[in-house]
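Dear colleague,

Please find below the structure that I am handing over to you. My notes on what was found in it follow directly after.

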Amino acid sequence: MKTLRRKKLKGANVPVTREVDCGRKQKMTEIHQALYSDPVDVETLRRAAASKGGLLSNELRRKVWPKLLNINVYELPYKPGKDGRENHKDYNQVVLDVSRSMKRFPKGMPSAERAVLQEQLVDIILEVLRCNPQLSYYQGYHDVAVTLLLVVGERMAIAMLHTLSKYHLRDFMDPTMDSTKHILNYLMPILEEVDKELHDFMIRAEVGTIFALSWLITWYGHVLSEFKHTLRLYDFFLASHPMMPIYLAATIVLHREQEVKQTECDMAMLHHLLSRIPQDLPYELLISQSQDLFRCYPPALLAKRPALQSRKSLSISTFKDFQLSTLHQRPDTVLQRLTKAQASATSRKARHSGLDVALPYDGVQQRGKGSRMVKMAVWGLSATLGAAIFAVAQTAMEWAPDVLLQLF
């Protein structure tokens, strides 16, 4: 894939490190301004997540990722209970996959700490599946879930995975792989548009597109050894069209054009080469080139091809409405104030009416022991101390993953 040559700067006396620091500070300022705008400037957040360097830190990711998915941080799901989870039809497979995910956790982490996170990972997956019985679990789903868990903590991970499963990952969660194969079928047409010689070589070798399956369904989390690269791609994908992972796959193949053409035109040989992603890829360049490919050959254009007309993508068809729904979010400072006011009003109403009050959450509901209704006295206490308790809980929930990531 052709790239533009960079022009040398003349008479530039400013150290590169200082330029990088200035650019980083400017980007952080723009992100914070977007977060505090009312409504939140989601378009600026998307550009920041997709542009060079992504979201820069896990602290910013915990603030921006929820906005990219239209998640209210003050209406997070409760931590799921343990009761009945063994009865879920996917329980055994989820536990098996999670037990195999040791390499996705920080090296040197004590086994006891990892065991706690793996238990949380099982709970996250089963809770989302329980609340969405129309969705089917697939192997690789846990790779997405563990990335979210390590960055945002258990409760936010449930909320994010819930949304991603209904939109970005929806095609992978059908009972059969037909929809997943349909998304993979976009790969060869993209290659044909850019490099017909490479496309024809791969067609002759009959290599197909299965080599990119794990890239697609795990958002590359399963195949990258450096967690920082996984996070960079998650920034990009969360801010982009749900088809962007397949455009990145095309970009990676195009980037390895010479390797591919120098390999024997044999299915087994080519599959072996392509299924192993080099760990030293120029990710920023590939992300930029993926965006260029998407602009030149959007899914709507490729979908006109006869080979892609036999099936419709749910992720594609629902994306526009989902994207529009993210544009009217209030900043967290406003949401916190509204949440306090609502809790106080509900508490006063409960005291006057003598009625039990249910804790509200539009989506995943609390399970396990105990009633879903909170008695008036308990609710009154919660309304008085709610803000403080929430702040402490959020800090405790989010602090641990950040410490863990420092071990990478």
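Serine 57 counts as partly exposed because its relative accessibility is 22% (buried means under 20% relative accessible area, exposed over 50%, and partly exposed in between, with a 1.4 Å probe and protein chains only). This is a predicted model, in which local features need pLDDT of at least 70 and side-chain atom pairs count only at pLDDT 80 or more, while totals for chains, interfaces and linings use all residues. Residues are numbered from 1 along each chain as its sequence is written, and side-chain values use heavy atoms, with hydrogens and water left out.

Serine 57 sits in the loop between helix 2 (42-50) and helix 3 (58-68); helices (H or I, at least four residues) and strands (E, at least two) are DSSP runs, numbered from the N terminus. The C-alpha atoms of serine 57 and valine 151 are 9.9 Å apart, although 94 residues separate the two in sequence. Leucine 56 lies in the loop between helix 2 and helix 3 as well, and has a positive phi of about 75 degrees although it is not a glycine.

**Other backbone features**

Most residues other than glycine have a negative phi, and most peptide bonds are trans. Tryptophan 219, in the loop between helix 11 (213-217) and helix 12, has a positive phi, near 55 degrees. Tryptophan 219 is buried, since its relative accessible area is 1%. A cis peptide bond, with omega about 5 degrees, joins aspartate 38 and proline 39. Proline 39 belongs to the loop between helix 1 (16-36) and helix 2.

**The chain as a whole**

The chain has 20 helices and two strands. Of its 408 residues, 49% count as buried. Where contacts join residues at least 6 apart in sequence, 79% of them link residues at least 24 apart; contact means heavy atoms within 4.5 Å. The chain exposes about 21,000 Å², and 55% of this comes from carbon and sulfur atoms (accessible areas come from the Shrake-Rupley method with a 1.4 Å probe; for residues, only the protein chains shown count as cover).

**Two helix pairs**

Helix 12 (residues 227-238) and helix 16 (residues 283-296) have axes that come within 11 Å and cross at roughly 20 degrees. Axes are lines fitted to C-alpha atoms, for helices over the stretch in contact, and angles run from 0 to 180 degrees between N-to-C directions. Helix 12 and helix 16 are therefore roughly parallel to each other (angles under 35 degrees count as roughly parallel, over 145 as roughly antiparallel, 65 to 115 as roughly perpendicular and the rest as oblique). His229, Arg232, Leu233 and Phe236 of helix 12 meet Tyr283, Glu284, Ile287, Ser290 and Gln291 of helix 16 in this contact.

Aspartate 292 also lies in helix 16. Aspartate 292 is partly exposed, as its relative accessible area is 34%. Its C-alpha atom is separated by 9.5 Å from that of tyrosine 247, 45 residues away along the chain.

In the second pair, the axes of helix 9 (residues 187-194) and helix 10 (residues 196-205) come within 6 Å and cross at roughly 140 degrees. Helix 9 and helix 10 are therefore oblique to each other. Met188, Leu191, Glu192 and Val194 of helix 9 make the contact with Lys196, His199, Met202 and Ile203 of helix 10.

With kind regards
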